[in-house]
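Thanks for coming. I will walk through one structure today, a few parts at a time. Please have a look at the sequence and the model before I go on.

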Amino acid sequence: MTQQQAATVTVLGLGPMGQALAGAFLAAGHPTTVWNRTADRAVALVERGARTAADVAQAIRASELVVVCLRNDEVVGEVLELAAGELHGRKLVNLTSSSPGQARERAIWAARQGAAYLAGAIMTPTPTIGLPSALVLYSGDEATYHTEQRTLGALGGTATYLGSDPGRAAGYDVALLDIFWMGVLGVTHGLALAHAEGIAGRDLAPYTAAIAGMLASMAAGFAAQVEAEEFPGDRSTLASAASALTHIRGTTRDHGLDTGLLDASRVVLQRALDAGFGDDGLGRLVQMFAAPRVAPSATS
Ligand SMILES: NC(=O)c1ccc[n+]([C@@H]2O[C@H](COP(=O)([O-])OP(=O)(O)OC[C@H]3O[C@@H](n4cnc5c(N)ncnc54)[C@H](OP(=O)(O)O)[C@@H]3O)[C@@H](O)[C@H]2O)c1
């Protein structure tokens, strides 16, 4: 694709991610117009060939495809309201993180302005954008996804369309970020415990791959167990996990560290034990976050 043939793109928002997106469009040869509340964030992109817009309205007028990447949905609302009248006939691709409900509301709002709306969730950090390791999930207007697929391909890696519900991509996003955030807490908590034990983080870190590496296959296995409603405890049981959690918590408490996260874990585990699921595998915990259920063995 030559510079002349490449579609023009507008990017609203030049935080770290917006800059990465605009940079990837430029690298792929797309004439790119950028706008940001703080104008000097565009300087490096302008040196690479980006055009700046004086205001949001001018930015939206510059391209049929308008990519939005701002702090959150409230900010998206504030910024787009500045030039809502310009959105008619535009294809709005919103790559701002939001809740599924916000994404659906934003799609309704966009439709009222006469814009086609595609919601996106960027699952990988800024250095991946434009590279094979990027992952972006989309949902919403299918025609927009298909007509803009080639241009959005400049963002690199894997792009997956999840269907016409504009909240679907955000649904995947919140569930995956839930896993990520719990992982962040686990890593930071574990490093604090190692430090209290006199173990340097750099000495512990090489061994964490053995733990983290299990998570993806664990998610797939647990998902299959939930579908089958069978939670075999042949590899490990909830009763055994509860015992291990007791000494992890005890060591944490003995060092004077915050046990709040482990206490919360214990509540969920205890609910499973009280329901008679002690001999089940860890996948049973998926059900324990919903309303407590009583195991057949507990009622008989
Ligand atoms: N960074 C990542 O690795 C990553 C990965 C996946 C998803 N995301 C998502 O991408 C989105 C953007 O993230 P980011 O990393 O670029 O940084 P961010 O700090 O979340 O957002 C910065 C952008 O929001 C703008 N902004 C904030 N408040 C504003 C307001 N009241 N009015 C107008 N503009 C406002 C900033 O403008 P100013 O420059 O003027 O402050 C800037 O353009 C977020 O939804 C984030 O969750 C980011």
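A word on naming before the details: helices here are DSSP runs of H or I with at least four residues, and they are numbered from the N terminus. Helix H5, for instance, covers residues 100-113, and Glu105 sits in H5. Keep in mind that this is a predicted model.

Let me stay with Glu105 for a moment. Is Glu105 buried or exposed? Its relative accessibility is 52%, and the cut-off for exposed is over 50%, so Glu105 counts as exposed.

The largest nonpolar core holds 30 residues. Those with the most contacts inside this core are Leu21, Val67, Leu95, Ile129, Tyr138 and Leu155. Several elements supply at least two residues each: strands S1 (9-12), S4 (65-68), S6 (116-122) and S7 (135-140), along with helices H1 (16-27) and H6 (142-152). Which of them gives the largest share? That is H1, with seven residues.

Take Leu21 as an example. Setting aside neighbours within four places in sequence, Leu21 is in contact with Val67, Cys69, Leu95, Ile122, Ile129 and Leu155. There is another core apart from this one, with 23 residues, including Val66, Val68, Ala84 and Tyr117.

Next, a pair of helices further along the chain. Two packed helices are described by the angle between their axes and the distance between the axes. For helix H10 (residues 238-254) and helix H11 (residues 260-274), the angle is about 155 degrees and the axes are 10 Å apart. H10 and H11 are therefore roughly antiparallel to each other. Their crossing is left-handed.

Which residues meet there? From H10 they are Leu238, Ala239, Ala241, Ala242, Leu245, Ile248, Arg249 and Thr252. From H11 they are Leu262, Asp263, Ser265, Arg266, Leu269, Ala272 and Leu273. By type, the residues of this contact are ten nonpolar, two polar and three charged.

Glu229 lies in the loop between helix H9 (215-228) and H10. Most residues other than glycine have a negative phi. Glu229 has a positive value, near 55 degrees, and is not a glycine. With 48% relative accessibility, Glu229 counts as partly exposed.

That is the end of the tour.

Key:
Residues numbered from 1 in each chain as written. Predicted model: local features only at pLDDT ≥ 70, side-chain atom pairs only at ≥ 80, totals over all residues. Heavy atoms only, no water. Core = buried A, V, L, I, M, F, W, Y, C linked by side-chain atoms within 4.5 Å. Buried < 20%, exposed > 50% of the residue type's maximum accessible area, 1.4 Å probe, protein only. Contact = heavy atoms within 4.5 Å. Axes fitted to C-alpha atoms, helices over the stretch in contact; angles between N-to-C directions. Parallel < 35°, antiparallel > 145°, perpendicular 65-115°, else oblique. Left-handed = near helix turned anticlockwise from the far one by under 90°. Nonpolar A, V, L, I, M, F, W, Y, C, P; charged D, E, K, R; others polar.
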